[in-house]
Amino acid sequence: MKYVSTRGNAPVLSFDDVLLAGLARDGGLYVPQSWPQFSASQIRAMRGLSYHEIAIEVMAPFVEGCLSRAELTELVVDTYAGFTHPAVAPLKQLGRNQWVLELFHGPTIAFKDYALQLVGRLFDHVLKKRGQHVTIVGATSGDTGSAAIEACRDRDSIDIVILHPHGRTSDVQRRQMTSVLSDNVRNLAVNGTFDDCQDMVKALFNDHGFRDTYNLSAVNSINWARVMAQIVYYFASAVALGSPDVPMTFSVPTGNFGNVFAGFCARQMGLPVEKFIVGSNSNDILTRFFETGVMNADGVVPTLSPSMDIQVSSNFERLVFHYLGNDGVAVGKLMDEFRATGRMDMPQGAYGAMRELFEGYRYNDDETLAVMKVMRAQTGEMLDPHSAIGVAAGIRGHSYKRSTLIALATAHPAKFPDAVEKATGIRPPLPDHMADLFERPERFDVIANDLAAVRDYVATFAGRVRT
Ligand SMILES: *Cc1c(COP(=O)(O)O)cnc(C)c1O
């Protein structure tokens, strides 16, 4: 399989190069040149397979020419063996034909583990083959940092440095990062905001001399391999509920559009999906887009669902590419317009086609808490604030006569205990594998909000003699 950029002006790459490159050289995002196809009978044949068996079927065409089936199998089996539920991504019934897909049984109890645990292993595998080493640098407001650290810890070919705003992440989120004492992991607590952290990371990457000297790399949400690994649970959950003979509606609490775009990929590959419902919090740029056809960037306000507090959705460009008929030049023009003006008007034909498949609903914090309370009372299901938005949006948009609803739950309630307690009166306990999180020793370095200091730190760490 080969990959092309959404801006049409970067080299065509193979899977391993796309994995390591992240962003394309023309500023675009990589997408597969064509979609692997699964017929109805091939999908039917997935019934009864385990999560990792479905993962191999779904991902094999994307890594063809780069990983053998044996290599892929070994990586996938190793990845999901560490998850704490035997089904990996279990389904819970909410109503007649409405289900929740629990994507929080990985090491950091949020859905990002489902992709990043594999991506960490893929990086290590490809780098070892090439005799290379990278230093991953990233900024986090909470969720992504811990999932990335867990994915990269103790891997020979990777060092990882994660910046977080000192004193501004939740205790659970901080401890999930700082209690990892592995030699190849460093946590930097920056005396500043998340935006300061992100700006400094961007500045390090834009310093090409520095980036090349220390082989800086990233595992951010635009990485194609993350999207690829997320396609698997769309197939696995749909097949468990009768696909391809019953069409599904998926509802997804959405930030950067990576998760729901993976669902779109599954549909392109032949999975029958009637509709995708996008849930947003008060940072509702996507919901406004699906209402109007205009993407209009606004400020960001903090909410109870911080992993969806985004200004723009970076993966949306991949959807635009599809609906503009894979015309990279047209995509580049729209994106340039958006960057210059903060506004993007989708051509009417493309917008009309998107609206046949996507719709969006927004929930503010009070509405989110109310949903958490009602779901707990009616079904016993404890939902974290992100998952609650997905469930509420799904129930609102679902036509129960036409399809089965699968609402993606993206974080364990114990990851956001304050909000859950506020809504339900119950403080959810941490799952067994991390019950001692608050007794574990922490390690992090506090650092000034100063680019030179951070650059020196990364240089010293990446340049050290490894034992
Ligand atoms: C990252 C995240 C999201 C948003 O996912 P996107 O792929 O960015 O749309 C939603 N919920 C939780 C808990 C997350 O960590």
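## Ligand site

In this predicted model, the ligand is surrounded by 15 residues, of which Lys112, Asp143, Gly255, Asn256 and Thr410 are the closest. Sorted by class, the shell around the ligand consists of 8 polar, 5 nonpolar and 2 charged residues.

A nitrogen atom of the ligand, in turn, is 2.8 Å from a polar side-chain atom of Thr410. On its own the ligand has 390 Å² of accessible area, and the protein covers 97% of it.

Gly138 belongs to strand E6, which spans residues 134–139. Its relative accessibility is 14%, and because the limit for a buried residue is under 20%, Gly138 counts as buried.

When the neighbours within four places in sequence are set aside, the residues in contact with Gly138 are Val161, Ile162, Leu163 and Val201.

## An open antiparallel sheet

An open sheet is built from 3 strands in the order E2-E1-E3, with antiparallel pairing. Strand E2 (13–14) and strand E3 (30–32) are its edges, and because each has a single partner strand, one side of each is left without a neighbour in the sheet.

Strand E1, which covers residues 2–5, pairs with E2 in the antiparallel sense over 2 bridges, and in this arrangement Tyr3 is placed opposite Leu13 of E2.

## Backbone geometry in loops

The peptide bond that joins Ser243 and Pro244 is cis, with omega at about 10°. Pro244 is located in the loop that runs between helix H10 (224–240) and strand E10 (248–253).

Asp154 is not a glycine, yet its phi is positive, at about 60°; this residue sits in the loop between helix H6 (143–152) and strand E7 (158–165). With a relative accessibility of 51%, Asp154 counts as exposed, since the cut-off for that class is over 50%. Asn215, likewise not a glycine, has a positive phi of about 50° and lies in the loop between helix H9 (208–213) and strand E9 (216–217). The relative accessible area of Asn215 is 42%, so Asn215 is partly exposed.

Definitions and conventions. Residues are numbered from 1 along each chain as its sequence is written. This is a predicted model: local features need pLDDT of at least 70, side-chain atom pairs count only at pLDDT 80 or more; totals for chains, interfaces and linings use all residues. Side-chain values use heavy atoms; hydrogens and water are left out. A residue is near a molecule or strand if one of its heavy atoms lies within 4 Å of it. A polar contact is a pair of N or O atoms within 3.5 Å; within protein, one must be able to donate a hydrogen and the other to accept it, and residues adjacent in sequence count only if both atoms are side-chain atoms. Accessible areas come from the Shrake-Rupley method with a 1.4 Å probe; for residues, only the protein chains shown count as cover. Ala, Val, Leu, Ile, Met, Phe, Trp, Tyr, Cys and Pro count as nonpolar, Asp, Glu, Lys and Arg as charged, and the others, Gly among them, as polar. Helices (H or I, at least four residues) and strands (E, at least two) are DSSP runs, numbered from the N terminus. Buried means under 20% relative accessible area, exposed over 50%, partly exposed in between (1.4 Å probe, protein chains only). Contact means heavy atoms within 4.5 Å. Two strands pair if DSSP finds at least two bridges between them.
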